[in-house]
Amino acid sequence: MNKNLNMLDETSQLILHRTPREDIQKGITILDKGEGVHLIDKEGKRYLDMEAGITRPVHVGYGRREIARAAFDQLCQLHYVTPCGFANQPAMDLAELLAQITPGKINRFTFECSGSEAVDSAMKLAKHCHYYRGNKASFKVISRKGAYHGVNGYGIRALGTVMPMRQIMEPVAPGAVFVESPYCYRCPFGLVYPHCDLKCARDIERTIEFENPELITAFIGEPVMQGFGALAPPAEYWTIVRDICDRYGILLIIDEVICGFGRTGKMFAIEHFGIQPDLLTMAKGITSGYVPLGAVGCTHEVMEPIENFFHLHTYGNHPVACAAALKNIDIMQQEGLIQNAHEMGQYFLAGLKTFEQHPIVGEARGTGLWLALDFTSDKKSRAPFPLDRLNHMIARARQLGVLFKIMGGAIEFAPPLIITKKDIDEALAVLDQCITEEEKEMGF
Ligand SMILES: Cc1ncc(COP(=O)(O)O)c(C=O)c1O
(Lines give C-alpha, C1' and ligand atoms only; values in the text may rest on other atoms or scores of the structure.)
Protein backbone atom coordinates (compact mmCIF):
# COMPACT_ATOMS: atom_id res chain seq x y z
CA MET A 1 0.00 0.00 0.00
CA ASN A 2 2.99 2.26 0.64
CA LYS A 3 3.60 2.26 -3.10
CA ASN A 4 0.48 4.37 -3.71
CA LEU A 5 1.60 7.17 -1.43
CA ASN A 6 3.08 10.32 -2.94
CA MET A 7 4.28 11.66 0.42
CA LEU A 8 5.73 10.03 3.54
CA ASP A 9 3.83 10.80 6.74
CA GLU A 10 3.67 9.59 10.34
CA THR A 11 2.12 6.28 9.28
CA SER A 12 5.32 5.22 7.51
CA GLN A 13 7.64 2.65 9.10
CA LEU A 14 10.72 4.44 7.80
CA ILE A 15 12.86 6.48 10.23
CA LEU A 16 14.36 9.54 8.59
CA HIS A 17 17.62 11.14 9.67
CA ARG A 18 17.65 14.63 11.18
CA THR A 19 14.05 15.42 10.23
CA PRO A 20 11.79 17.15 12.77
CA ARG A 21 8.46 15.48 13.60
CA GLU A 22 6.72 18.70 12.60
CA ASP A 23 8.00 18.25 9.02
CA ILE A 24 6.91 14.61 8.91
CA GLN A 25 3.44 15.64 10.04
CA LYS A 26 3.25 18.06 7.11
CA GLY A 27 4.37 15.28 4.72
CA ILE A 28 7.77 14.42 3.30
CA THR A 29 8.50 14.49 -0.42
CA ILE A 30 9.39 11.13 -1.94
CA LEU A 31 12.08 11.51 -4.59
CA ASP A 32 11.64 9.11 -7.43
CA LYS A 33 14.01 9.84 -10.29
CA GLY A 34 17.16 11.75 -11.20
CA GLU A 35 18.31 13.14 -14.55
CA GLY A 36 21.52 15.15 -14.87
CA VAL A 37 21.17 18.04 -12.41
CA HIS A 38 17.45 17.46 -11.80
CA LEU A 39 15.44 15.45 -9.30
CA ILE A 40 11.82 14.46 -9.85
CA ASP A 41 9.45 13.58 -7.03
CA LYS A 42 6.62 11.06 -6.95
CA GLU A 43 4.11 13.75 -7.87
CA GLY A 44 6.15 14.55 -10.98
CA LYS A 45 7.52 17.90 -9.72
CA ARG A 46 10.98 18.68 -11.08
CA TYR A 47 13.73 20.33 -9.00
CA LEU A 48 17.03 21.90 -10.02
CA ASP A 49 19.36 20.35 -7.44
CA MET A 50 21.82 23.05 -6.30
CA GLU A 51 23.04 20.84 -3.44
CA ALA A 52 24.08 17.66 -5.31
CA GLY A 53 21.74 15.44 -3.33
CA ILE A 54 21.54 17.83 -0.32
CA THR A 55 24.39 15.98 1.43
CA ARG A 56 26.41 16.91 -1.73
CA PRO A 57 27.81 13.63 -3.06
CA VAL A 58 26.39 13.73 -6.61
CA HIS A 59 29.37 15.12 -8.54
CA VAL A 60 28.74 13.52 -11.95
CA GLY A 61 24.97 14.06 -11.86
CA TYR A 62 22.05 11.62 -11.86
CA GLY A 63 21.37 8.69 -14.17
CA ARG A 64 24.90 7.62 -15.11
CA ARG A 65 24.44 4.17 -16.62
CA GLU A 66 28.22 3.66 -16.98
CA ILE A 67 28.57 3.58 -13.20
CA ALA A 68 25.61 1.24 -12.85
CA ARG A 69 27.19 -1.05 -15.45
CA ALA A 70 30.58 -1.08 -13.69
CA ALA A 71 28.87 -2.01 -10.41
CA PHE A 72 26.68 -4.61 -12.16
CA ASP A 73 29.68 -6.29 -13.83
CA GLN A 74 31.52 -6.54 -10.51
CA LEU A 75 28.38 -7.81 -8.76
CA CYS A 76 28.20 -10.63 -11.30
CA GLN A 77 31.91 -11.47 -11.19
CA LEU A 78 32.49 -11.39 -7.41
CA HIS A 79 30.23 -9.30 -5.22
CA TYR A 80 32.11 -9.65 -1.90
CA VAL A 81 35.66 -10.13 -0.60
CA THR A 82 36.67 -9.87 3.05
CA PRO A 83 39.15 -7.05 3.79
CA CYS A 84 40.94 -9.26 6.31
CA GLY A 85 43.66 -11.54 4.93
CA PHE A 86 42.42 -11.26 1.29
CA ALA A 87 42.56 -8.61 -1.44
CA ASN A 88 40.47 -7.78 -4.50
CA GLN A 89 41.42 -6.17 -7.79
CA PRO A 90 39.03 -3.14 -7.85
CA ALA A 91 40.18 -2.08 -4.36
CA MET A 92 43.83 -2.44 -5.38
CA ASP A 93 43.21 -0.49 -8.60
CA LEU A 94 41.41 2.26 -6.72
CA ALA A 95 44.27 2.51 -4.21
CA GLU A 96 46.74 2.80 -7.09
CA LEU A 97 44.67 5.52 -8.77
CA LEU A 98 44.24 7.46 -5.53
CA ALA A 99 48.00 7.30 -4.94
CA GLN A 100 48.39 9.18 -8.23
CA ILE A 101 45.71 11.83 -7.69
CA THR A 102 45.84 12.57 -3.94
CA PRO A 103 48.16 15.36 -2.77
CA GLY A 104 51.66 15.00 -1.41
CA LYS A 105 52.96 11.68 -0.26
CA ILE A 106 49.62 9.99 0.50
CA ASN A 107 50.07 6.52 -0.98
CA ARG A 108 48.34 3.89 1.19
CA PHE A 109 44.56 3.48 1.33
CA THR A 110 41.78 1.57 3.01
CA PHE A 111 38.09 1.70 2.15
CA GLU A 112 35.03 2.01 4.36
CA CYS A 113 31.32 2.62 3.78
CA SER A 114 30.96 6.30 4.67
CA GLY A 115 32.75 9.53 5.55
CA SER A 116 32.07 8.96 9.24
CA GLU A 117 33.78 5.57 9.09
CA ALA A 118 36.66 7.07 7.12
CA VAL A 119 37.15 9.68 9.87
CA ASP A 120 37.07 7.01 12.57
CA SER A 121 39.56 4.86 10.69
CA ALA A 122 41.87 7.82 10.09
CA MET A 123 41.93 8.52 13.81
CA LYS A 124 42.55 4.84 14.53
CA LEU A 125 45.42 4.76 12.03
CA ALA A 126 46.90 7.88 13.63
CA LYS A 127 46.60 6.27 17.06
CA HIS A 128 48.14 3.01 15.77
CA CYS A 129 51.06 4.99 14.32
CA HIS A 130 51.79 6.70 17.65
CA TYR A 131 51.31 3.42 19.54
CA TYR A 132 53.73 1.41 17.39
CA ARG A 133 56.25 4.25 17.52
CA GLY A 134 56.21 3.85 21.29
CA ASN A 135 53.96 6.75 22.30
CA LYS A 136 51.15 4.70 23.82
CA ALA A 137 49.69 7.54 25.88
CA SER A 138 48.53 9.86 23.10
CA PHE A 139 44.76 9.96 22.67
CA LYS A 140 43.64 13.57 22.22
CA VAL A 141 42.44 14.99 18.90
CA ILE A 142 42.26 18.68 18.11
CA SER A 143 39.33 19.89 16.05
CA ARG A 144 37.80 23.28 15.27
CA LYS A 145 34.63 24.73 16.75
CA GLY A 146 31.92 24.56 14.12
CA ALA A 147 33.54 21.64 12.28
CA TYR A 148 31.73 18.51 11.17
CA HIS A 149 33.43 15.13 10.97
CA GLY A 150 30.55 12.68 10.94
CA VAL A 151 28.36 10.74 13.32
CA ASN A 152 30.47 7.81 14.48
CA GLY A 153 32.44 7.54 17.73
CA TYR A 154 35.61 9.44 16.94
CA GLY A 155 33.90 11.76 14.46
CA ILE A 156 31.35 12.80 17.06
CA ARG A 157 34.20 13.38 19.50
CA ALA A 158 35.73 15.78 17.00
CA LEU A 159 32.54 17.59 16.10
CA GLY A 160 32.91 21.24 16.86
CA THR A 161 29.60 22.84 17.66
CA VAL A 162 27.15 20.95 15.49
CA MET A 163 24.52 20.70 18.18
CA PRO A 164 22.47 18.86 19.26
CA MET A 165 24.12 15.97 17.36
CA ARG A 166 26.98 15.97 19.80
CA GLN A 167 25.09 17.04 22.92
CA ILE A 168 22.61 14.16 22.81
CA MET A 169 25.42 11.60 22.58
CA GLU A 170 27.49 13.08 25.42
CA PRO A 171 29.49 11.95 27.29
CA VAL A 172 31.56 10.96 24.25
CA ALA A 173 34.99 9.31 24.38
CA PRO A 174 37.44 11.61 26.16
CA GLY A 175 40.14 13.47 24.30
CA ALA A 176 38.27 16.08 22.27
CA VAL A 177 40.11 19.40 22.21
CA PHE A 178 38.62 22.36 20.37
CA VAL A 179 40.22 25.45 18.89
CA GLU A 180 38.60 28.42 17.15
CA SER A 181 37.69 28.36 13.45
CA PRO A 182 39.07 30.72 10.79
CA TYR A 183 35.69 32.45 10.39
CA CYS A 184 36.83 35.88 9.19
CA TYR A 185 33.36 37.35 8.56
CA ARG A 186 32.57 36.88 12.24
CA CYS A 187 36.06 36.47 13.73
CA PRO A 188 35.85 34.66 17.10
CA PHE A 189 38.66 36.94 18.38
CA GLY A 190 37.03 40.10 17.02
CA LEU A 191 40.05 40.72 14.77
CA VAL A 192 40.35 41.71 11.13
CA TYR A 193 42.45 39.85 8.56
CA PRO A 194 45.34 40.39 7.74
CA HIS A 195 46.04 42.52 10.88
CA CYS A 196 45.01 39.52 13.03
CA ASP A 197 48.33 37.73 12.29
CA LEU A 198 46.21 34.57 11.93
CA LYS A 199 45.51 34.28 15.65
CA CYS A 200 43.07 31.41 14.94
CA ALA A 201 45.99 29.33 13.60
CA ARG A 202 48.76 30.54 15.95
CA ASP A 203 46.61 30.00 19.04
CA ILE A 204 46.61 26.25 18.35
CA GLU A 205 50.15 26.14 19.75
CA ARG A 206 48.99 27.51 23.11
CA THR A 207 46.25 24.89 23.24
CA ILE A 208 48.79 22.13 22.50
CA GLU A 209 51.07 23.35 25.30
CA PHE A 210 48.11 23.50 27.67
CA GLU A 211 46.87 19.99 26.75
CA ASN A 212 50.37 18.39 26.84
CA PRO A 213 51.82 17.66 23.36
CA GLU A 214 52.68 14.07 24.36
CA LEU A 215 48.98 13.28 24.66
CA ILE A 216 47.90 14.66 21.29
CA THR A 217 47.51 12.20 18.42
CA ALA A 218 46.19 14.35 15.62
CA PHE A 219 44.71 17.59 14.38
CA ILE A 220 41.70 17.14 12.09
CA GLY A 221 40.21 19.79 9.82
CA GLU A 222 38.30 20.29 6.59
CA PRO A 223 40.43 22.34 4.16
CA VAL A 224 37.31 24.39 3.37
CA MET A 225 34.82 24.18 6.23
CA GLN A 226 31.20 23.23 6.06
CA GLY A 227 30.13 24.64 9.44
CA PHE A 228 29.45 28.30 8.69
CA GLY A 229 28.82 27.77 4.97
CA ALA A 230 31.66 26.96 2.52
CA LEU A 231 34.31 28.69 4.61
CA ALA A 232 37.81 28.89 3.13
CA PRO A 233 40.51 30.02 5.58
CA PRO A 234 43.07 32.72 4.72
CA ALA A 235 45.78 31.48 2.34
CA GLU A 236 48.46 31.13 5.07
CA TYR A 237 46.27 29.26 7.56
CA TRP A 238 47.15 25.66 6.67
CA THR A 239 50.90 26.40 6.36
CA ILE A 240 50.88 27.67 9.94
CA VAL A 241 48.88 24.65 11.17
CA ARG A 242 51.19 22.25 9.30
CA ASP A 243 54.24 23.86 10.86
CA ILE A 244 52.80 23.64 14.38
CA CYS A 245 51.87 19.96 13.91
CA ASP A 246 55.40 19.19 12.63
CA ARG A 247 57.07 20.89 15.57
CA TYR A 248 55.02 18.90 18.07
CA GLY A 249 54.93 15.54 16.23
CA ILE A 250 51.15 15.73 15.77
CA LEU A 251 49.63 14.01 12.72
CA LEU A 252 47.57 16.22 10.42
CA ILE A 253 44.33 14.66 9.14
CA ILE A 254 42.76 16.60 6.29
CA ASP A 255 39.08 15.74 5.97
CA GLU A 256 38.19 15.93 2.28
CA VAL A 257 34.85 14.13 2.64
CA ILE A 258 32.99 17.06 1.05
CA CYS A 259 35.83 18.92 -0.66
CA GLY A 260 37.46 15.97 -2.42
CA PHE A 261 37.01 14.93 -6.04
CA GLY A 262 36.70 18.33 -7.61
CA ARG A 263 34.13 20.13 -5.44
CA THR A 264 36.38 23.18 -4.95
CA GLY A 265 37.80 23.29 -8.49
CA LYS A 266 40.84 21.15 -7.71
CA MET A 267 40.89 17.39 -7.25
CA PHE A 268 41.47 17.95 -3.49
CA ALA A 269 40.87 21.24 -1.71
CA ILE A 270 44.10 21.11 0.28
CA GLU A 271 45.88 21.69 -3.07
CA HIS A 272 44.70 25.33 -2.82
CA PHE A 273 46.92 25.71 0.25
CA GLY A 274 50.08 23.90 -0.83
CA ILE A 275 50.64 21.71 2.23
CA GLN A 276 50.96 17.95 2.64
CA PRO A 277 48.64 16.05 4.96
CA ASP A 278 49.67 12.92 6.88
CA LEU A 279 46.23 11.39 6.49
CA LEU A 280 43.36 12.18 4.15
CA THR A 281 39.69 11.20 4.51
CA MET A 282 37.36 10.92 1.52
CA ALA A 283 33.79 9.86 0.69
CA LYS A 284 30.81 11.43 -1.12
CA GLY A 285 32.25 12.46 -4.53
CA ILE A 286 34.41 9.32 -4.65
CA THR A 287 31.39 7.44 -6.05
CA SER A 288 29.08 10.45 -6.57
CA GLY A 289 26.74 8.65 -4.17
CA TYR A 290 25.98 5.77 -6.57
CA VAL A 291 27.08 3.31 -3.88
CA PRO A 292 28.33 3.98 -0.33
CA LEU A 293 32.10 4.35 -0.02
CA GLY A 294 34.52 6.16 2.26
CA ALA A 295 38.31 6.08 2.06
CA VAL A 296 41.34 6.91 4.18
CA GLY A 297 44.74 7.62 2.73
CA CYS A 298 47.99 8.01 4.61
CA THR A 299 51.70 8.40 3.95
CA HIS A 300 54.32 5.68 4.08
CA GLU A 301 55.65 7.34 7.26
CA VAL A 302 52.29 6.82 9.01
CA MET A 303 51.85 3.22 7.83
CA GLU A 304 55.45 2.03 8.15
CA PRO A 305 55.54 1.47 11.94
CA ILE A 306 52.11 -0.26 12.00
CA GLU A 307 52.67 -4.03 12.25
CA ASN A 308 48.95 -4.80 12.12
CA PHE A 309 46.00 -2.43 11.67
CA PHE A 310 43.65 -3.83 14.32
CA HIS A 311 40.45 -2.95 12.54
CA LEU A 312 37.84 -4.93 10.60
CA HIS A 313 34.64 -3.97 8.83
CA THR A 314 32.76 -6.72 7.04
CA TYR A 315 32.23 -4.33 4.14
CA GLY A 316 35.73 -2.81 4.13
CA ASN A 317 37.54 -2.59 0.73
CA HIS A 318 34.24 -3.55 -0.96
CA PRO A 319 34.87 -4.59 -4.59
CA VAL A 320 31.54 -3.31 -6.00
CA ALA A 321 31.91 0.12 -4.38
CA CYS A 322 35.52 0.36 -5.57
CA ALA A 323 34.53 -0.61 -9.13
CA ALA A 324 31.86 2.12 -9.11
CA ALA A 325 34.39 4.65 -7.76
CA LEU A 326 36.88 3.82 -10.52
CA LYS A 327 34.25 4.50 -13.19
CA ASN A 328 33.03 7.65 -11.43
CA ILE A 329 36.54 9.16 -11.21
CA ASP A 330 37.17 8.19 -14.83
CA ILE A 331 34.04 10.13 -15.86
CA MET A 332 35.19 13.21 -13.92
CA GLN A 333 38.58 13.10 -15.61
CA GLN A 334 37.29 12.34 -19.12
CA GLU A 335 34.65 15.09 -18.98
CA GLY A 336 36.90 17.73 -17.40
CA LEU A 337 34.50 18.18 -14.48
CA ILE A 338 37.13 19.59 -12.14
CA GLN A 339 37.90 22.36 -14.60
CA ASN A 340 34.15 22.89 -15.00
CA ALA A 341 33.82 23.20 -11.21
CA HIS A 342 36.51 25.89 -11.27
CA GLU A 343 34.97 27.84 -14.18
CA MET A 344 31.32 27.50 -13.15
CA GLY A 345 32.33 28.30 -9.57
CA GLN A 346 33.83 31.61 -10.68
CA TYR A 347 30.74 32.41 -12.74
CA PHE A 348 28.42 31.50 -9.85
CA LEU A 349 30.45 33.52 -7.33
CA ALA A 350 30.42 36.60 -9.57
CA GLY A 351 26.60 36.33 -9.62
CA LEU A 352 26.40 35.87 -5.85
CA LYS A 353 28.73 38.83 -5.23
CA THR A 354 26.14 41.15 -6.82
CA PHE A 355 23.72 40.00 -4.06
CA GLU A 356 25.89 41.72 -1.44
CA GLN A 357 23.87 44.85 -2.30
CA HIS A 358 20.84 43.25 -0.64
CA PRO A 359 20.36 44.68 2.87
CA ILE A 360 20.22 41.19 4.43
CA VAL A 361 23.20 39.65 2.60
CA GLY A 362 26.45 39.95 4.55
CA GLU A 363 28.98 38.09 2.47
CA ALA A 364 29.12 35.99 -0.69
CA ARG A 365 32.00 33.51 -0.73
CA GLY A 366 33.02 30.32 -2.45
CA THR A 367 35.76 28.02 -3.68
CA GLY A 368 34.96 26.24 -6.93
CA LEU A 369 31.44 24.88 -6.77
CA TRP A 370 31.13 25.18 -3.02
CA LEU A 371 29.63 28.56 -2.24
CA ALA A 372 27.55 30.39 0.35
CA LEU A 373 25.65 33.58 1.03
CA ASP A 374 26.08 34.57 4.68
CA PHE A 375 23.04 36.56 5.89
CA THR A 376 22.82 39.19 8.60
CA SER A 377 20.04 41.24 10.14
CA ASP A 378 22.46 44.17 10.55
CA LYS A 379 25.29 44.72 8.12
CA LYS A 380 27.26 46.94 10.47
CA SER A 381 27.37 44.64 13.48
CA ARG A 382 27.09 41.45 11.35
CA ALA A 383 24.40 40.26 13.70
CA PRO A 384 23.13 36.69 13.08
CA PHE A 385 20.12 36.27 10.79
CA PRO A 386 16.95 34.55 12.07
CA LEU A 387 16.92 30.86 11.14
CA ASP A 388 13.19 30.81 10.45
CA ARG A 389 13.71 33.50 7.79
CA LEU A 390 16.41 31.37 6.12
CA ASN A 391 14.07 28.38 6.24
CA HIS A 392 11.37 30.47 4.70
CA MET A 393 13.60 31.51 1.79
CA ILE A 394 14.70 27.99 0.91
CA ALA A 395 11.11 26.71 1.23
CA ARG A 396 10.04 29.39 -1.25
CA ALA A 397 12.86 28.40 -3.61
CA ARG A 398 11.79 24.78 -3.37
CA GLN A 399 8.25 25.72 -4.35
CA LEU A 400 9.78 27.44 -7.36
CA GLY A 401 11.65 24.22 -8.20
CA VAL A 402 15.18 24.92 -6.92
CA LEU A 403 16.83 23.08 -4.00
CA PHE A 404 19.19 25.01 -1.70
CA LYS A 405 20.39 24.25 1.82
CA ILE A 406 21.05 26.18 5.03
CA MET A 407 24.42 25.97 6.74
CA GLY A 408 24.93 28.01 9.90
CA GLY A 409 23.58 31.47 9.08
CA ALA A 410 24.13 30.99 5.37
CA ILE A 411 22.47 29.51 2.31
CA GLU A 412 24.89 27.07 0.74
CA PHE A 413 25.36 25.95 -2.87
CA ALA A 414 27.10 22.76 -3.96
CA PRO A 415 25.59 21.67 -7.27
CA PRO A 416 26.69 18.64 -9.32
CA LEU A 417 29.96 19.43 -11.12
CA ILE A 418 28.22 19.07 -14.50
CA ILE A 419 26.25 22.28 -13.87
CA THR A 420 25.99 24.80 -16.74
CA LYS A 421 25.72 28.62 -16.87
CA LYS A 422 22.05 28.25 -17.80
CA ASP A 423 21.33 26.26 -14.61
CA ILE A 424 23.27 28.78 -12.51
CA ASP A 425 21.34 31.69 -14.06
CA GLU A 426 18.07 29.94 -13.19
CA ALA A 427 19.21 29.36 -9.59
CA LEU A 428 20.39 32.97 -9.22
CA ALA A 429 17.07 34.34 -10.53
CA VAL A 430 15.05 32.23 -8.09
CA LEU A 431 17.37 33.14 -5.23
CA ASP A 432 17.11 36.84 -6.01
CA GLN A 433 13.33 36.60 -6.01
CA CYS A 434 13.28 34.76 -2.67
CA ILE A 435 15.65 37.25 -1.00
CA THR A 436 13.73 40.24 -2.35
CA GLU A 437 10.39 38.87 -1.13
CA GLU A 438 11.85 38.06 2.29
CA GLU A 439 13.28 41.57 2.61
CA LYS A 440 9.90 43.07 1.77
CA GLU A 441 8.23 40.96 4.46
CA MET A 442 10.90 42.03 6.95
CA GLY A 443 10.25 45.70 6.14
CA PHE A 444 13.59 46.50 4.46
C1 LIG B 1 33.90 16.88 6.48
C2 LIG B 1 33.02 15.69 6.73
N3 LIG B 1 33.52 14.62 7.34
C4 LIG B 1 32.78 13.53 7.57
C5 LIG B 1 31.45 13.48 7.18
C6 LIG B 1 30.63 12.27 7.43
O7 LIG B 1 30.38 11.59 6.22
P8 LIG B 1 29.14 10.60 6.10
O9 LIG B 1 27.91 11.41 6.17
O10 LIG B 1 29.35 9.93 4.76
O11 LIG B 1 29.26 9.62 7.20
C12 LIG B 1 30.89 14.57 6.53
C13 LIG B 1 29.50 14.57 6.09
O14 LIG B 1 28.93 15.54 5.63
C15 LIG B 1 31.70 15.72 6.30
O16 LIG B 1 31.19 16.80 5.71
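In this predicted model, a polar side-chain atom of Ser-116 comes within 2.5 Å of an oxygen atom of the ligand. That makes a polar contact, which is a pair of N or O atoms within 3.5 Å (within protein, one must be able to donate a hydrogen and the other to accept it, and residues adjacent in sequence count only if both atoms are side-chain atoms). Asp-255 instead faces a nitrogen atom of the ligand, with a polar side-chain atom 2.7 Å away. On its own the ligand would expose 390 Å², and the protein buries 85% of that (areas by the Shrake-Rupley method with a 1.4 Å probe; for residues, only the protein chains shown count as cover).

The shell around the ligand holds 13 residues, and Ile-258 and Lys-284 are also among the closest; a residue is near the ligand if one of its heavy atoms lies within 4 Å of it. Helix 4 (residues 115–133) supplies the largest share, three residues. Helices here are DSSP runs of H or I with at least four residues, strands are runs of E with at least two, and both are numbered from the N terminus. Sorted by class, the shell has four nonpolar, six polar and three charged residues (Ala, Val, Leu, Ile, Met, Phe, Trp, Tyr, Cys and Pro count as nonpolar, Asp, Glu, Lys and Arg as charged, and the others, Gly among them, as polar).

Now for the rings. Rings of Phe, Tyr and Trp (its six-membered ring) pair if their centres lie within 6.5 Å, with planes under 30 degrees apart called stacked, over 60 edge-to-face and the rest tilted. The model has nine aromatic pairs by this rule. Tyr-183 and Phe-228 are stacked, at 4.3 Å centre to centre and 20° between the planes. Tyr-183 sits in the loop between strand 8 and helix 7 and Phe-228 in the loop between strand 9 and helix 8, so this pair ties together parts that are 45 residues apart in sequence. Phe-261 and Phe-268 are edge-to-face because their planes meet at 65°, with centres 5.1 Å apart.

Residues are numbered from 1 along each chain as its sequence is written, and side-chain values use heavy atoms, leaving out hydrogens and water. Local features need pLDDT of at least 70 and side-chain atom pairs count only at pLDDT 80 or more, while totals for chains, interfaces and linings use all residues.
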